[in-house]
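Open the model in your viewer and keep the selection tool at hand.

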Amino acid sequence: LLVSKDLGKHLLEVEDLLQKHGLLEADISAQAERVQALNAAALKFSELEGYQPCDPQIICNRVNHVQTCLEELGELAGKRRKELEDSRQLWAFFQEMEEAEAWIREKEQILAAKTCGRDLSSVLTLTNKHKSMLGELGSRRALLHQTMKRGEQILAKKRFSPGGIQEKMREVRLRWKKLEEVTGLHQQRLQEALNFFQFSTETDDLVAWLQDPYRIVSSDDFGHDDYSTQALLRKHRAVVEEVEKHRAAVLALRKQLALLAPEHRQGVDVQIRVVEVEQLYGEQQWLQDALAVYRMFSEVHACEVWVDEKEQWLERMEVPEELDEVEVVQHRFESLDQEMNSVMGRILDVNQVVQQLVDGGHPSSEEVRSCQDHLNSRWNRVVELVERKKGQLSSVLKIQNYLLEC
């Protein structure tokens, strides 16, 4: 039994052999006590004086022989136990490696079946699950490291053929490396999906927010008097300030898009949404144009009030025939010329703003142009009235001067 070469072919068989060997060792221990007692009793016969039933040397030789056999048996038992324990260590190593391989296969199947989610919520859920799996991976990595270390120790003892051990260790290392690569790749895909859905959410939020300013910008309400126009002007200034706060987010869209994974970046829907945001944000120029429109209407209103006043005065004014009265009216026209120069500058500014709005394709170009034409028409009428009245004054002055000379 002790010289048997049967060391088991798997862990359970080795455990069974060790259990049987333990019983054998207990039997040897029990027999050792009996042998010691028998040897002690036998040696007494070698110490007798007088009659000796057997040669004392024969007794001593026999006792020594039995003792030597017992010691050899103990050595064999110890050697057998050591071999069985080494075998158990070997098969425990193989079993742990098989368990590691089974765990790796299970995780590979799970990773192969995993998706990256269909929206931000599902991606976040899958990301949390993946973090848990990474924790499991870390724990299993530590266990595998310990198993590999025991495999190296078995190889160092050189009790068994290293081929199977080295091959198993190489195989498991390769599979583990592949698992970590697949895990890292899945984590990368999850991060890419997370970036994409966060990007989509931010883009949708920007589109939703920008539609409100766009509706305000697209309105054709420019007020019906100076007060309402000024109120709308203040409202649009506030909108411009809010739009300006989103400038950084809109400008960052293209950079965020460039960082997305190719399969996400090249999607038609994504490109459309980015362009939509940029177009909507680009409409902030319409806000600026709208502000210009409101300022223009305010300026036009002020100019028309002046034109109304002067037009009524000019139409009611009768050119006097007396020289003194003519000189008074002439002085009034000199003051009027100064006022007209000032108003003319404001009208030129209005025309410049209108031209900029029309060239920029403002949606209210027709209304703005109509307002410009109406103001210019009324201004031209005032200019004509002034020239006519001046002509009449000039004629009267010539007549008066002629009469004075006569």
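**Stop 1**

Select aspartate 16 and lysine 20: they sit four residues apart in helix H1 (residues 11–45), so about one helical turn separates them. Helices here are DSSP runs of H or I with at least four residues, strands are E runs of at least two, and both are numbered from the N terminus. This is a predicted model, in which local features need pLDDT of at least 70 and side-chain atom pairs count only at pLDDT 80 or more, while totals for chains, interfaces and linings use all residues. Residues are numbered from 1 along each chain as its sequence is written, and side-chain values use heavy atoms, with hydrogens and water left out.

Now show the side chains. Aspartate 16 and lysine 20 form a salt bridge, with their closest N and O atoms 3.4 Å apart. The term means a side-chain nitrogen of Lys or Arg within 4 Å of a carboxyl oxygen of Asp or Glu. Side chains of opposite charge can pair when their charged atoms come close. Aspartate 16 is partly exposed, at 33% relative accessible area. The classes are buried (under 20% relative accessible area), exposed (over 50%) and partly exposed in between, with a 1.4 Å probe and protein chains only. The structure holds 19 salt bridges.

**Stop 2: helix H2**

Go to lysine 82 and aspartate 86. Both lie in helix H2 (residues 56–113), four residues apart, about one turn of the helix. Aspartate 86 is buried at 5%.

**Stop 3: aromatic pairs**

Switch to rings. The structure holds five aromatic pairs. Rings of Phe, Tyr and Trp (its six-membered ring) pair if their centres lie within 6.5 Å; planes under 30 degrees apart count as stacked, over 60 as edge-to-face and the rest as tilted.

Select phenylalanine 196 and phenylalanine 197. Their pair is edge-to-face, 5.1 Å centre to centre with 65° between the planes. Phenylalanine 196 is buried, with a relative accessible area of 14%. Phenylalanine 197 is buried too, at 14%.

Next, pick tryptophan 306 and tryptophan 379. Their ring centres are 6.0 Å apart and their planes are at 35°, so this pair is tilted. It links distant parts of the chain: tryptophan 306 is in helix H9 (residues 284–316) and tryptophan 379 in helix H11, 73 residues apart. Tryptophan 306 is buried at 11% relative accessible area. Tryptophan 379 is buried at 7%.

Then select Trp91, Phe93 and Phe94. Ring pairs link these residues into a cluster.

**Stop 4: charges between H9 and H11**

Return to charged side chains. Arginine 381 and glutamate 311 meet in a salt bridge, 2.6 Å from N to O. This pair also links distant parts of the chain: arginine 381 is in helix H11 and glutamate 311 in helix H9, 70 residues apart. Arginine 381 is partly exposed at 37% relative accessibility. Glutamate 311 is buried at 11%.

Asp308, Glu311, Glu315, Arg378 and Arg381 are linked in a network of salt bridges.

**Stop 5: asparagine 376**

Finish in helix H11 (residues 365–405), at asparagine 376. This residue is buried, with a relative accessible area of 19%. Which residues does asparagine 376 contact, leaving aside neighbours within four places in sequence? They are Ile347 and Asn351. Contact means heavy atoms within 4.5 Å.
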